[in-house]
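Have the sequence and the model open side by side.

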Amino acid sequence: MSDKPKQITRLADYTPPVYRVENVQLTFSLFEQETRVRARLEMIRNPEAATTDTALRLDGRDLELLELRLDGRLLPAERYTLDSEQLVIPNVPERFVLESETRIHPEKNLSLEGLYRSNRLYCTQCEAEGFRKITFYPDRPDVMARFTVRIEADQTACPVLLSNGNRIQAGPLPDNRHFVLWEDPHPKPCYLFALVAGDLACHAGHFTTRSGRAVELQIWVEPENITKCQHALESLHKAMTWDEERFGCEYDLDLYMIVAVNDFNSGAMENKGLNIFNAQYVLADPETATDGNYEDIESVIAHEYFHNWTGNRVTCRDWFQLSLKEGLTIFRDQEFSSDVGSRPVQRIRDVLRLRAAQFPEDAGPTAHPVRPDSYMEINNFYTATVYNKGAEVVRMLLTLIGRETFRRGMDLYLRRHDGQAVTVEAFVQAMEEVSGRDLSAFQRWYHQPGTPELTIRQQFDPDSATLELTVTQQCRAHGQSEPGLPLTIPLTMALLDPASGQPQPLILEGENPASAPLERVLEVTRPVETFRFVGLTQAPVPSLLRGFSAPVKLIAPLSDAELAFMWGQENDPFNRWDAGQQLALRILLSSTSATPEHPFTVPEMFLQAFAATLETTDLDPAMKSLAIGLPGLGLLIEAMENADPGALFAARETVRQRLAERCQETLLRLYAENQTPGPYTLERAVIGKRALKNFVLGLLMALPDRELPARLAAEQVRQANNITDLMGGLVPLVHAGRPEALPLLAEMEQRWQHNPLAMDKWFAIQAMVPLEDALERVQHLMVHPAYDARNPNRIRAVVGTFCHGNLVRFHAASGSGYRFLVEAIRDLDPHNPQIAARLVSALSRWRRFEPVRRADMQSALAEIATLPGLSRNSHEIASKSLA
């Protein structure tokens, strides 16, 4: 941990590097108790440097310097200065070779940054600033160099030695050791460096690019997992094919490798030619992976592969440009998942993630633009705003200029900047050139924090057969007294016939009615704009923000009856789903005004609309399982002031009970109709049937008399031939506190004890229990022999699930959940500040809650902020949350 004060890095202070690295030669000598790293850097002064300073400054952390040479001459200690963060050598020449040897200790590295041990494996994680924990280097993304890497290790302990690029040499060494030499021909920043060494098995395949390059595909896993790789390999094939067809992007090396490791702080890392993955995004079989896990693997494999062009070949100039690679690549993987699966289902899932994570972030004290202005710790900016809102910004560009023009813009961007480290302006400029549009105002999406609100006022005049839509936009970020500048917002819309639900011709005043479309994009660019539609014989129902065409909050004057109508009749799948969500949200929030004299009741209109959606035959099972879902507790909390999670949870359970009572026969019929006998398959239709079947089983468990659904659930667990159906039965039993749950949990513990990913699910099921003894259960889980307080997946499964997922019990009125989190941070932060900081964020929205909880959360944050030796990661989240 740094002994320097917590400093702020600002975008405005960016200056080009004074020295560049042309070529890097690294030699790793891996031993059980230490690793020695010899580095040879061929360096040259950068002609674009903004200073005449001739000192060389290299980043380095937790390194023991053994030797330092400049152009072959050994440098004495008085020739340089060294502290815990930096090596400085004054008066270096214009061009030189710097050689260093350092000693590091991967076996003691619990932060999982730099080079560390995961079980028996050596592996690296260098993004964002992990390479400085390997050797002294200008650890910034705008320094791009060609790497040659030699790895030496014991042949028995580490028979497999991997790094980026192509393997060009290998051979034996004395004392049962061996070496492998790797060469990456493409310049890259050091954050894309990767090394893996250990006892691994390979699941191999092949791919031929459209230009005829033969690519060997290798998925490396620990030997016991070799049977769980086929889905990942098939997903990689799909991604490579899709990227060629959709964006013309071919792979550029002869070898593409993926390694699965158990200890990883995030999901995966796109290191050039050698992706390192959290094992949960590679390993899959019906015993280990749910349908959702299979889909996540397909998506994450694709995401990291797509980075080969959007992130590797063209990378970020600095970390403020992070969304240039991540937002763009999230957009690309969302499009991939839409094309290989269901586009409506994928769009709804993407928006659910945005509303659950990014909207609260935008409305809270840690709000920041898609391109942040400053940071204390860059690892804290791998956020939903940078990733998911960044993807929405890219999607809006496609909506505004059209799919074909967007593709030409991508071609220009990648061709022009191949091998460069650039800014978001370079991306937008390419889109400007191909479209002929001025996108300077659009770029405000990258600079302004906050979620815009679009308020709609409509006025229909039957005499003139016209409808006026007045759109007001406002975006005020947390802590800002004045709204930001107006944004360019694509508002996709239609006008629906109030009887049939079918779109009507959209004729703006002054247009030729012969060419009137049924759907159009209104560009909202000013604070207030009015659009006048003509030729309407009756008042239509406006269908606004179709397909969620912009990441905004829509405030529209739709009545409950109109929302119910759209829930049943709307022909835009997203808006149909969202109408049900908005109607349910209104009803659930109305519970907060209930009194003993006027208790909360579920309106008959809502029960009828739900029943109609449940009965309809025009929705496939996957879409129906989404259409009948209720907003989650987190969305309810965000939708009101002075939130009482306990009261909101009780209201939600009341609604679930009434729906189950009203629709019991239909739910039982759907449960029977959507059984999926036979071998497990990943056919989309079958996945949809499992989703609907398990949803209705969970809803049936809301009945006052749970005997029948409990028997169905227990029978489903015993008969399941896949973990999706097993979890579909087990979760409602555990969460309802049913006696059938205990022996089933014990059986699953015995069955999964040697399967870490399945055991993560076993832990998470119990950490999510919404019963009053939830915290006691969590504390009991944390002393379970299989709980590993240093493994990120296990921490997320227990502590993360409780604090971020089990909102009703984490936010218990006693404040016990907050005190638990303080102690968890006290233990975790010294070892893994990245994971600790993400847990601290569970407290950042304290202002949303009623006064007692608000005060308890604020107190917990204050205690965390003053913990001795607190990391920059956790300190930044705690201090910003309190500000």
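What follows covers the basis of the model, then selected local features.

## Basis

This is a predicted model, in which local features need pLDDT of at least 70, side-chain atom pairs count only at pLDDT 80 or more, and totals for chains, interfaces and linings use all residues. Residues are numbered from 1 along each chain as its sequence is written, and side-chain values use heavy atoms, without hydrogens or water.

Helices (H or I, at least four residues) and strands (E, at least two) are DSSP runs, numbered from the N terminus.

## Aromatic pairs

Rings of Phe, Tyr and Trp (its six-membered ring) pair if their centres lie within 6.5 Å; planes under 30 degrees apart count as stacked, over 60 as edge-to-face and the rest as tilted. The count comes to 31 aromatic pairs. Phe131 and Phe147 form an edge-to-face pair, at 6.2 Å centre to centre and 80° between the planes. The pair links distant parts of the chain, 16 residues apart: Phe131 is in the loop between S11 and S12, Phe147 in strand S12. Phe131 is buried at 0% relative accessible area (buried means under 20%, exposed over 50%, partly exposed in between; 1.4 Å probe, protein chains only). Phe147 is also buried, at 1%.

Phe306 and Phe336 form another edge-to-face pair, 5.7 Å centre to centre with 80° between the planes. Phe306 lies in helix H2 (291-306) and Phe336 in helix H3 (322-340), so the pair ties together parts 30 residues apart in sequence. Ring pairs link Trp242, Phe247, Tyr251, Tyr256, Tyr305, Phe306 and Phe336 into a cluster.

## Helices H22 and H25

The axes of H22 (792-805) and H25 (833-840) come within 10 Å and cross at roughly 15°. Axes are lines fitted to C-alpha atoms, for helices over the stretch in contact, and angles run from 0 to 180 degrees between N-to-C directions. H22 and H25 are therefore roughly parallel (angles under 35 degrees; over 145 is roughly antiparallel, 65 to 115 roughly perpendicular, the rest oblique).

Contact means heavy atoms within 4.5 Å. H22 contributes Pro792, Ile795, Arg796, Val799, Gly800 and His804; H25 contributes Ile835, Arg838 and Leu839.

## His811

His811 sits in the loop between H23 (807-810) and H24 (816-828). His811 is buried at 3% relative accessibility. Beyond neighbours within four places in sequence, His811 contacts Pro645, Tyr818, Ala842, Phe849, Arg853 and Met857.

## Backbone exceptions

Most residues other than glycine have a negative phi, and most peptide bonds are trans. The bond from Glu127 to Ala128 is cis, with omega near 5°. Asp62 has a positive phi near 60°. Asn642 has a positive phi of about 55° and is partly exposed at 41%.
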